[in-house]
Amino acid sequence: SDVGSQKERVVTEEEWLQKWEMGNIGFHKEQGHPLLQKYLDVLLNGRSGSRIFFPLCGKAVEMKWLADMGHSVVGVEISEQAVKEFFSEHSLPYCEEPVPEILGAKMFQSTSGNISLYCCSIYDLSSSIVGKFDGVWDRGALVAVNPCDRQRYVSLMISLVEKNSSYLLVTVSYDPNKHKGPPFYVPESEIKSLFG
Ligand code: SAH
């Protein structure tokens, strides 16, 4: 297929914030993703107390699910509204603090301590700030990243994972000439070249 039609497309941070404000969030699902259920063993790889990263997390309900199983969840999301809705919709008390390393960023942490959501751009993170992860749940993340930012995103993700980590990636397959995205069409060949 011709993916050229999406190459130049850019969705700005402002547009994402507007989607949240307008409630234009068709990507959010109330039910946990069936593929996470199916491949949970692969993600956890026998570990208990894993550190799991949710890039571009929105208010994904799977964060609560993994935290309830005793894992520690870290997410990053540009929309403060999304982060606050996550905690309120699950009736989770939280505290809010600045992130000294990132100007204007805030970190929202459940009082129980095992869910930490950074409210900033993912491109502001580094392993010196958030540490490294045993597992990644990438749904609506790589496919939401602007095509021009993919390499930067993947390089960052690689820098955030431990050696023996598991990375679950969900993509969508469709004709990119018929829909401008997001989600964007990321062909398997590109995934292979991006992640190496
Ligand atoms: N993964 C979530 C949300 C997918 S939609 C889910 O499965 O439901 C993509 C999300 O990324 C949106 O909530 C958007 O606000 C957020 N986002 C977009 N660009 C971002 C960036 N540069 N840094 C952090 N979050 C971003």
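The buried residues of α7 pack against β1 (51-54), β6 (133-139), β7 and α8 (188-195), where contact means heavy atoms within 4.5 Å. Those buried residues of helix α7, residues 150-159, are Arg150, Tyr153, Val154, Leu156 and Met157; buried is under 20% relative accessible area, with a 1.4 Å probe and protein chains only. They cover an arc of only 160° around the axis, so they sit on the same side of α7. The arc is taken from the directions from the helix axis to the C-beta atoms.

This is a predicted model: local features need pLDDT of at least 70, side-chain atom pairs count only at pLDDT 80 or more, and totals for chains, interfaces and linings use all residues. Numbering starts from 1 along each chain as its sequence is written, and side-chain values use heavy atoms, with hydrogens and water left out. Helices (H or I, at least four residues) and strands (E, at least two) are DSSP runs, numbered from the N terminus.

Now the sheet. Seven strands form an open, mixed sheet in the order β3-β4-β5-β2-β1-β6-β7; strands pair if DSSP finds at least two bridges between them. β3 (94-98) and β7 (161-170) are at the edges, each with a single partner strand, so one side of each has no neighbour in the sheet. β3 pairs with β4, residues 106-110, in the antiparallel sense over five bridges.

Last, the ligand. Which residues are closest? Of the 16 residues that surround the ligand, the closest are Trp20, Leu56, Glu77, Ile122 and Arg139, counting residues with a heavy atom within 4 Å.

Methods. Buried < 20%, exposed > 50% of the residue type's maximum accessible area, 1.4 Å probe, protein only.
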